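Subject: Handover of a structure model

Dear colleague,

Please find below the structure that I am handing over to you. My notes on it follow directly after.

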Amino acid sequence: MIETERLVLRGWRDSDVAPFHAMCNDPEVMRYLGPPLSLADAQAAAERQNGFIETHGHCFWAVERKADGAFLGFTGIKPGPEGTPLHDKPEIGWRLATAFHGQGYAREAAQASIDWGWANLPDDEILAMTVLGNTASWGLMERLGMQRIHALDFDHPAVPPDSPLRPHIVYSIARPAL
């Protein structure tokens, strides 16, 4: 578990699945991420993240607001997906419900995740990916101090070949010097 001033980043609970499912059926949230998720897919995603905790000690953690316990979405670090330049490298990612956009939650949770990564992982860099059109996502990457690595841009193998969401860009942040 990671705590910030306003947030708790933690493993997933059964009670997270319904708000996660709702979030993943919001066209604004899914605009750059693909089709909506079924309830079964949302449940499987939560279980997959908890599986990453069991096998790796970290995941895209559920983000809870301290003030009221609200589920905001997820942020964290997990092993990058197979078939991508991020495969088995630490990948940071985030997704918040629309109601929580623009309030600094994503940056707060992402910075806490990066700090956790430097304290707990041996890797020299943390990577992130998104589609070029997702300016909010890569804008946050840049505000976090990440830099675009053009040589690692790729077509995501899990996205259909004819989809405009297939081309992905990659950002990286290097471990700070001691």
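Strand β1 (residues 2-3) is joined to β2 by 2 bridges, and the two run antiparallel. Two strands are taken to pair if DSSP finds at least two bridges between them. β1 and β2 form a hairpin with 3 residues between them, and I2 stands opposite L9 in β2.

The model is a predicted one, in which local features need pLDDT of at least 70 and side-chain atom pairs count only at pLDDT 80 or more, while totals for chains, interfaces and linings use all residues. Residues are numbered from 1 along each chain as its sequence is written, and side-chain values use heavy atoms, with hydrogens and water left out.

Strand β2 (residues 7-10) also pairs with β3 (residues 60-65): 4 bridges join them, and they run antiparallel. L9 stands opposite V63 in β3. From β2, L7 and L9 point one way and V8 and R10 the other way, and all are buried. Buried means under 20% relative accessible area, exposed means over 50%, and partly exposed lies in between (1.4 Å probe, protein chains only).

Overall organisation

The protein contains 5 helices and 9 strands. Read from the N terminus, its elements follow the order β-β-α-α-α-β-β-β-α-β-α-β-β-β. The radius of gyration is 15 Å, close to the 16 Å that the globule rule gives for 178 residues, so the protein is as compact as a globular protein of that length. That radius is taken over C-alpha atoms, and the globule rule is 2.2 Å times the number of residues to the power 0.38. Along its principal axes, the C-alpha trace spans about 45 × 40 × 30 Å.

Of the 178 residues, 49% are buried. Among contacts (heavy atoms within 4.5 Å) between residues at least 6 apart in sequence, 60% join residues at least 24 apart. The protein exposes about 8900 Å², of which carbon and sulfur atoms supply 54%; accessible areas come from the Shrake-Rupley method with a 1.4 Å probe, and for residues only the protein chains shown count as cover.

As to charge, there are 15 positive and 23 negative side chains, and the centres of the two sets lie 4 Å apart. Lys and Arg count as positive and Asp and Glu as negative, while His and the chain ends are not counted. Each charge is placed at NZ of Lys, CZ of Arg, CG of Asp or CD of Glu.

Strand β9 and its partners

6 of the 8 residues of β9 are buried, so this strand is largely enclosed by the rest of the structure. β6 is joined to β9 by 6 bridges in an antiparallel arrangement, with T130 opposite I169. β7 is likewise antiparallel to β9, through 2 bridges, and Q147 stands opposite S172. β8 and β9 run antiparallel as well, joined by 2 bridges; here D155 stands opposite P167.

Helix α5 (residues 135-143) has S137, G139, L140 and M141 as its buried residues. Their cover includes β5 (90-96), α4 (105-120), β6 (125-130) and β9 (167-174). Just after the helix, G145 takes a positive phi of about 95°.

L144 is placed in the loop between α5 and β7 (147-148). L144 is buried, with a relative accessible area of 7%. Not counting residues up to four places away in sequence, L144 touches W94, R107, A110, Q111, I114 and I173. Its C-alpha atom is separated by 18 Å from that of V63, 81 residues apart along the chain.

V159 lies in the loop between β8 (154-155) and β9. V159 counts as buried at 16% relative accessibility. Leaving aside neighbours within four places in sequence, V159 is in contact with L165, R166 and H168. The C-alpha atoms of V159 and A62, 97 residues apart along the chain, are separated by 24 Å.

Yours sincerely
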